[in-house]
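Here is a walk through a structure for someone meeting it for the first time. Have a look at the model below, and then we'll go through it piece by piece.

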Amino acid sequence: MRNALSDRRAQAGLLIALFFTAIAIFGPLINEHVLHQNPLAIDLEAFGQPPSSAHLLGTTSSGQDVLAQLIAGASQSMIAGLVAALLGTAIAIIIGVTAGTLGGRIDSALTAVTNIFLTLPGFALILIVAGYTSNAGPVLIGTIIAVFGWAGGSRALRAQSLSLRNRDFVQASRMIGESRIRVVIVEVLPHLTGWVTVMLLMGFVGGILSEAGLAFLGLSGVDTVSWGTMISQAQAQNALLGGMWWWFAPPGLCIVALGGSVALINFALDQSYNPRLSGLSRGQLNAFQKIKKRVQRTPKSPQSSENVLEISGLTVEYVTDRGNVVACKQVSLNVRRGEIVGLAGESGSGKSTLLTSLVRLDRPPAVTTSGSVLFTDRQGKTTDLVSQSEAELRPLRWTSISLVLQSAMTALNPVMRLGDQFIDVLQTHDTTLSKAAAQKKTHELLKNVGIAPNRSNSYPHEMSGGMRQRATIALALACDPELVVMDEPTTAVDVVMQRQILANVLDLQRKFGFAIVFVTHDLSLLVEIADRIAIMYAGKIIEVAAAEEIWNAPQHPYTVGLRDSFPPLSQTTVSLRGIPGAPPDLRNPPSGCSFHPRCPLKFDGCDRDEPELLQIGETSVACHQYEGANPKEMVIQ
Amino acid sequence: MTTNATLPPRRSGEQPVLEAVNLKINFPVGGGLGKNQVVHALDAASVALTPGKITAVVGESGSGKTTLARLFARMYQPTSGTILLDEVPVDSKKLGRDYNRAVQMVFQDPFGSLNSMKTVRHHLQRPLLIHGHAKRGQAVEQRIHELLEKVKLTPTIDFIDKMPHQLSGGQRQRVSIARALAVEPRVLLADEPISMLDVSMRLDILNLLIELRDVDQLAILYITHDIASARYLADDIHVMYAGQIVESGSAQEVINGPRHPYTRELIGAVPDPDKLRENNLRSSHAERPAPGEPPNLITPPSGCRFTPRCPFATAACSEAFPSATEIGDRHQVACYWVANQKSSSCPDPV
């Protein structure tokens, strides 16, 4: 809500709305004491006059002052709008929230009533009812509009409360013995504020427009002045043909301005409730463009052709309105041909950012601000992936580097048969491939992961989670890649299936020789499948070592703590302590070594200097306690 | 409650505070076109919770373990079977605060289980006021500080006015535990309380549960798919597969000496870096059988639901779910193969 109020559109909208509110409240006083005009007084001396100093907005064909009518009419329109909004929203809340929270038969009955009201031709009924009640004032008109207009909002609120009802926090407050009515009012209703505000605003606009419409049709009292009756009388007296624009244009413009002001407020509210709608702010975009221009690429050559991937000095930042957040800081890591490199870290460690950056799938507001990712293919040709355009990357994707994601359901197209998705991929990357050949290859690929060829006619939803994940892995191997990047590929499947899938992946890896970068938070799993493991913390790689070393002889205090956070399965159970504190907030990272606030071994200086990655034997570790141990061997990998 | 087999394994001389006997639940699913299909989510589950003990229920997704916790929380009505509180059947009609006063729950998702628009104070003062453990004013405030102290959110003054989004996942889960403790329950149902937390913060929550068991003598139900954590934490363990409890016993005995074919497969699949040399995915080249998966619970296999995947299955397995065989102190296995081995007293072939 506060965000919305700082939005310029909302401020403009509020200003206009407040202006009209003031006019509606003080209108009679202004007319009497400032303009000295009676909006209904007929002055036959001055009929149909254009604007002049005596009549600022001219007069009607009966000589009534248009400005005085406009001011008097504001209150009529606003009252109709307010009554429609308040009453309509109140009915919608009572019916919708009751149906959504109570459920069962009450829900069925209320929903039926709502649906009936939704199908009623609202405006036609309003016409009939208004026609029978001659001299309908704004309150009655607002009421009629509310009674026929609440159903849409009620349905939205029912759907919302239905989903809130099953949320854990609602269940939890039931569990502690909270009464039903309090659960609804104290726990559920505040979450509907956004919806209710939007409904109020829409109801308000609807009320004003419907009042104008009814008045225009002559269905409001003859002795009341509203913007609608003004337009109605102007129409009846042929003001348009007579060129008397000052009569009908001002009330029309007022209706547009008031409606527009509400729409402006609504836009701003919508954006503050659904921030994802807004995309990047202008400030973010500018900063983003500036960084893009600043980043310079110097061509590099790889240290060794044995490395399929050489990441060096890779820094990725997220551009925000409150400055940049460094999610990945000076990351360097090599992947040898056919090697399995594990990447482990907790949330906010930067492992996912690193992964999306190295496959060049990072999108604004993420931007790679420095560093290179050198990919060397079997023929020895080296490409810096960071400097490539999307078009240049396309031929490399899938044939050189492919990707397996956590959720197979999102990686597979839900409306395409499995086999067709394989054929699609195969033919995209090899345009000469015939359909029959592609089909044969598909069956082979599926067989590799233990899926029977006849399943290629299935849709993804017809397969189990484990089978879908195996299919995604087969798809990633379709174009014989040299590097497969796997992001938590087995987190969504059960442990028995996980072992089967990984055994399968390792078999295929031995057979085809591709390298794997495997990202997960499960260190105990990585130890079993990876050759080497890199540990990430707060955007940096803090330790790299052979998998067994990471488990049996971790060097960095964080790695030690992470390992000891996994209770043993077969060793004697001892009391374990996790790591105190929580991973740092990258928007406000600690000074010096980012682990120092949680580190049991910290000493003077840890909070001041950032440790470099040092080579200690076969292990690389970024920790001050190893500095000076063997300074000659300090090599930044 | 006719035969011994239907009763959950008990510790001798200890009175369970909360007990499920032959609990079964079917969920109707929208079959459409007049078809009334049901999901056979839980089948004849018997579990007893004892003061000062942590009882773990382990299984994979869809095994019915969360359903069991929610039945204990009385979020669902069982299709058949009974829940006993202090050995008295809980009346399905008479719900309410008396039951909640004894039984509280900690949810899996620390982000979803707190109201994002309310402060820590709100979350903790409501249960205190509802159950009359503190009257308004200073007493409530003091009790809230004590609760925060208990779950180690200290200094408490820094946390009491925080909104959930200002806390880390681990801290939120502590608030969630404190809210349950505010009711002063005798039973705590913990449904996967650590699965959504960062690895480095999980142990603290587990250690807190251990403290609640040892110091406060709570009876704790620990639902998890993380077998190593169950071993770390639990006194007793029940292994579930497709809605059936297949093996029960002391945590150490079940995890270090699993007997049911499914438990063996499950525990064999857990990565164990300490046994890297004996049991390594990377060094094994053996032909692997086609991977099996849990059955569809709308049309589950008859009898033992593990039958289609079981290497030792016989015709009898499909006829009826085997009654539990006692193979050690409170160690029970529901398996014909294990029962036959025991009766012929063959040495374990595996």
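Thr383(A) sits in strand E5 of chain A; helices (H or I, at least four residues) and strands (E, at least two) are DSSP runs, numbered from the N terminus. Thr383(A) is buried, at a relative accessible area of 10%. For these labels, buried means under 20% relative accessible area, exposed means over 50%, and partly exposed is in between, using a 1.4 Å probe and protein chains only. Leaving aside residues up to four places away in sequence, Thr383(A) touches Val373(A), Leu374(A), Phe375(A), Gln388(A) and Leu396(A), where a contact means heavy atoms within 4.5 Å. Val373(A) is ten residues from Thr383(A) along the chain, and their C-alpha atoms are 8.1 Å apart.

Before going further, some ground rules: this is a predicted model, where local features need pLDDT of at least 70 and side-chain atom pairs count only at pLDDT 80 or more, while totals for chains, interfaces and linings use all residues. Residues are numbered from 1 along each chain as its sequence is written, chains are lettered from A and ligands numbered from 1 in the order in which they are written, and side-chain values use heavy atoms, with hydrogens and water left out.

Now for the sheet around that threonine. In chain A, four strands make an open sheet, ordered E2-E1-E4-E5, with antiparallel pairing; two strands pair if DSSP finds at least two bridges between them. Its edges are strand E2 (323-336) and strand E5 (382-384) of chain A, each of which pairs on one side only. From one strand to the next, the twist averages 5°. Axes here are lines fitted to C-alpha atoms, for helices over the stretch in contact, and angles run from 0 to 180 degrees between N-to-C directions. Helix H14 (residues 351-358) of chain A packs on this sheet, touching E1, E2 and strand E4 (366-376), and its direction makes about 115° with that of E1(A).

Stay with that helix for a moment. H14(A) is mostly covered, with six of its eight residues buried; among them are Leu354(A), Leu355(A) and Leu358(A), and also Lys351(A). After H14(A) comes Arg360(A), which has a positive phi, near 55°. Back in the sheet, strand E1 (residues 307-320) of chain A runs antiparallel to E2(A), and ten bridges join the two. Glu310(A), for instance, stands opposite Asn334(A) in E2(A).

How much of strand E3 (residues 340-344) of chain A is buried? Five of its five residues are, so E3(A) is largely enclosed by the rest of the structure. Ile340(A), Gly342(A) and Ala344(A) point one way from E3(A), while Val341(A) and Leu343(A) point the other way. Five bridges tie E3(A) to strand E8 (residues 515-520) of chain A in a parallel run, and Leu343(A) has Val519(A) as its bridge partner there. E3(A) also pairs in the parallel sense with strand E9 (residues 532-537) of chain A, over four bridges, with Val341(A) opposite Arg532(A).

In the loop between E8 and helix H21 (523-529) of chain A you'll find Asp522(A). Asp522(A) is buried yet has no salt bridge, and the nearest side chain of opposite charge, Arg202(B), is 7.0 Å away. Lys and Arg count as positive and Asp and Glu as negative, while His and the chain ends are not counted; a salt bridge is a side-chain nitrogen of Lys or Arg within 4 Å of a carboxyl oxygen of Asp or Glu. What the side chain of Asp522(A) does make is a polar contact with the side chain of Ser524(A), at 2.7 Å. A polar contact is a pair of N or O atoms within 3.5 Å; within protein, one must be able to donate a hydrogen and the other to accept it, and residues adjacent in sequence count only if both atoms are side-chain atoms.

Salt bridges do turn up elsewhere: the structure holds 33 of them over all chains. In one, Lys329(A) and Glu610(A) bring their closest N and O atoms to 2.9 Å. That pair links distant parts of the chain, 281 residues apart, with Lys329(A) in strand E2 of chain A.
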